Amino acid sequence: MKHHPIALYTGTTYSIVVGARSKPNSVKVVQKQLCARKYRCREYLDTSDSGSCDEIDTDTKKKGIHCMESNHFELNIKIFNALEARKQYFINKIKPFSVFGEQNHSSNQHIKTYIDYNNAQLIAQYLATKRPFSQSFDGCLKKIILVVNEPSIAVRTRAMKCLANIVEVDPLVLKRKDMQMGVNQKFLDTAISVREAAVDLVGKFVLSNQDLIDQYYDMLSTRILDTGVSVRKRVIKILRDICLEYPDFAKIPEICVKMIRRVHDEEGIQKLVTEVFMKMWFTPCIKNDKIGIQRKINHMIDVVNTSHDTGTTWLEGLLMSIFKPRDNMLKSEGFTQELIKKNTEPPMDIVIACQQLADGLVDRLIELEDTDNSRMLGCITTLHLLAKVRPQLLVKHAITIEPYLNIKCHSATAAKFICAVADILEKVVPLVNNASESFLASLEEHLMLLVVSRNQAEVTSCVSCLGALVNKITHNFKLIRDCFQKFYRVLDGSRSQVMQGNISVNNIYTPSFRRSLFTIGILMRYFDFKSPIALGETNDGLPVSICEDVFHCLMFFCRCTNQEIRKQALISLGSFCVLNDAYLTRSELKNLYCEILSSISNDAGFKIICMRNIWIYLTESEMFMHNKEKEWEKQSKHEDLKEMNDVSSGMASRIIQLYLEEILECFLNRDDTVRLWAVKVIQIVLRQGLVHPVRMVPYLICLSTDHRIESAHRADALLKDIDKTYSGFVNMKVQFGLQLCFKLQKILQINNRGKLEIIRGYANRGPDNTTTALNDFLYTLLRTTKPQRRALVQTVTKQFDDQKTSLQQMLYIADNLAYFPYVVQDEPLYLIHQIDLLISMAGTHLLATFKEHIKPSDKEGDVLEDDDDVEDPQVLFNRLPEDMTEIIKCMTSAQACMLLLILKDHLKEMYAITDSKISRYSPSEQKLYEKAVTRKSVIDFNPKTTIDVIKKQMSQEKLSTDIHFTFTQEEKLDLVVKYLDFKQLMLKLDPDDGDSDADESRDKSISNISAPSDGVRFINSTKNSHTAGDGYSLTVTDVVDMPMSHIVKASILPSKPSGRKTNQVRTKKKRRKIDSTDDEISDAE
């Protein structure tokens, strides 16, 4: 199809005229535009075969000249008339369709089709592709992709946003391989802003085409765990849009699970997740929209089925956040406080939406009966979650749900199904008004049948439901007493036979005995047999001492030799103590629990049962207080809430004090599950405020290094809450916490053969195996303010100067200092500053101590001056004293300084810190060093010298156990070499006062040239810091295997005496300068 340029010219002219009509005063502008366009198209117009076209051009030119000389009114009329005539002429020339049968066509009629908006856009795009700029598009795009890898964060972010704008116009651009590689790489960028831009780019792309969601879903969904809050928010918004725009997408249940698990995230993300599901699930549908309701129900069932392995705690937390009543507020007026009631009911729209879901789930449950067991389980579990947060939704369905207690389904799902039904009925039935007696009797019968026939989990749920039913509605305690007496007779008879010696304790462990032992404890948990109504009448009821009898019976089986009977009796004893908490203070039970918790030889299962018993008691106590608060709200001002709850909370506090020390010691247990249950107990203790939190801080610091993620995250969350509520408590216990961390890692890092390895303070974590400090969360928590993080650094570095700190523990601390997540330049610089201060004081003292304990020189003159000049190992070897105790202590302490020096070199290399920057650094500067710091990928921190010394200590234990051990001549000479090496390190600790770049580069070059010939290499260049660190040869084994001549040769460092003297004087001046600066800083603080 060939198009004449007259068509494009006509469209342009018409647009100018329309604009001119709205602005009649702009006639001159219109005329200039028309004239310009006329001359640009003259060569095309001249080729037309119509003579009238030339006439119109001539008339238009004459009219234009005449209009410029006339008034504006006449000009407007004539120009518009001329333009209308021209427009009509061109329209007549462009026929929409050719006349059928017309054979004679004029030579100038080329257009045979009607040009609509789409065709015009296509023509414009085609013409645009012929322009030079459009032909250079690929080259520009490649340049932008290359810019994405620039070192500057701001440039990378701008480049990603530029690519996002391109993709927004043409999403197919992202199909290019170079684009895919660039975007994938930026998803793992170190800068949060770059990752956010990459997520935004892909998000716009995938939403444009459903076929492309699968291609980028995996890469996009993993970023929901990103460390950047803004990145997580953007990912959640994109996943929300996918769910809303493509409701039939197969992975929507998986998306919902990923978003629900963020419900306990940062406050902004919690709010975003809640809003997403409010829009997806908890917005009412039109009554006739059965398809929409069914889609929601299927999504919820799929989400629940997906979460069976990981638990539905996240979904329950989401529902709680939606239905959570607003707290009452206290309005203070002077010294009086007035209770202001706020609306505790959720919005009506949410209630209507949830009622639709509940009704639909019940209908769906009926449809799925005897068809799909897994879908039925998901359906009843979803109803169970709704019943937990809003039982009123299922009141009218109680009669429908009750028969499902007797459902026959697959054994793998039957237990979970029956437990869910029993829990639903426990919460719903007490809310049913005027329930029929036949319904209640049938429910009691079904529950009792399950109690005597099902397993422990189902028995617990059914007895709990019976407790709610009998205690609140039917008061049929005779049924409970009959059941209780049936099971107690079995236990009492078995105990009597064992005590009389008629039967072995192993022979009584029958299925009937196991059921009786467990069920007795559960019945004592949910029914208060101290009350007269539960005991019944004197003749037909239970004795008043029944609680005491049951306690002694259970304690008897807890002391027996059969391990399984002991475990079951311990579980039953924990259930017994829920409503009979006074027995937890009894000395026999206290001694039993403490013995189990503190015993090293005891099985981990017993420790778990003991802590689980305490956890159950504290949980039930908390629920009891919560229910009492609700009752108090109903009773208005007749009772005092504090007085009502003080008794129960005071009892719980008294009980936990008895077992707290043993529970905290379980933080250092080798078994993962024991540590998890220990932190669970501490979590509920802190939530109820039963013990001062400062006591738990060191143990929480310790557990935050646990390799089990669940335990570590719980400890991190508790530390964060404590630091937020009680500022300074965490910093107060850092030193003790690090000691416990080392103890825990010493337990955990034993290899499979039971051999203790070198304890390291870092680990490779995350999908990319990033090397991080084990205590990185502790530093992240305390680095928010400068005083806190500096106090932490000072506390940690002081342990290197503590004689009680072992070298292994110093290595653990150094590992953490090497890999703490430093953010600004001030953090590593301040650490290096503290290292220099510590070494300048401790190192000088160690050198002076060594000189004091060697024999005086035979030469005449000043002894100390001669000592400074002596660098011959053989000369110093001859001056060693007979008693090597102080010498050995001195050189052992020197290892701490050596370790700090290697750490300093590692930090300099990792963060590209030069000596000149270190010398210019002043801790008193406020904002000079608050710039962001970038962590480079370098070799792992590996102080080989320290590791070798630790290995020797572990194998021989000479230096730590027998300080008076007799050393051989080779080992004595090795101590001399260590002393000389350490002295050279002290001399080279500080650079010269001249901090110019030329001096620094010259020092580096000299050091690099002289390093190969030195026995101990000292390279100031950050590039070779690890080589320098490994070159600190201070181990005994390396020296013993070498000939004496080589040892002496290697220990002599080539340096001129005069140069060394000058360097030493400078070093002393430098140390005095550092000391004075430190004093000024301390005074200022």
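User: How much of the chain is made up of buried residues?
Analyst: Buried residues make up 47% of the 1085 residues in the chain. Buried means under 20% relative accessible area, exposed over 50%, and partly exposed in between, with a 1.4 Å probe and protein chains only. This is a predicted model, where local features need pLDDT of at least 70, side-chain atom pairs count only at pLDDT 80 or more, and totals for chains, interfaces and linings use all residues. Residues are numbered from 1 along each chain as its sequence is written, and side-chain values use heavy atoms, with hydrogens and water left out.

User: OK, how many helices and strands are there?
Analyst: The chain has 52 helices and 4 strands. Those are DSSP runs numbered from the N terminus: helices are H or I with at least four residues, strands are E with at least two.

User: Which residues touch the most other members of the largest nonpolar core?
Analyst: F529 and L700 do, in a core of 289 residues. Helix 43 (residues 885-910) gives the largest share of this core, 15 residues. A nonpolar core is a set of buried Ala, Val, Leu, Ile, Met, Phe, Trp, Tyr and Cys residues joined through side-chain atoms within 4.5 Å.

User: And what is L700 in contact with, leaving aside neighbours within four places in sequence?
Analyst: Its partners there are F667, V679, I682, L686, A715, L718, L719 and I722. Contact means heavy atoms within 4.5 Å.

User: New topic: is P532 buried or exposed?
Analyst: P532 counts as exposed because its relative accessibility is 65%. P532 is found in helix 26 (residues 532-535).

User: How far apart are P532 and L542 in space?
Analyst: They're 9.5 Å apart, C-alpha to C-alpha, and 10 residues apart in sequence.
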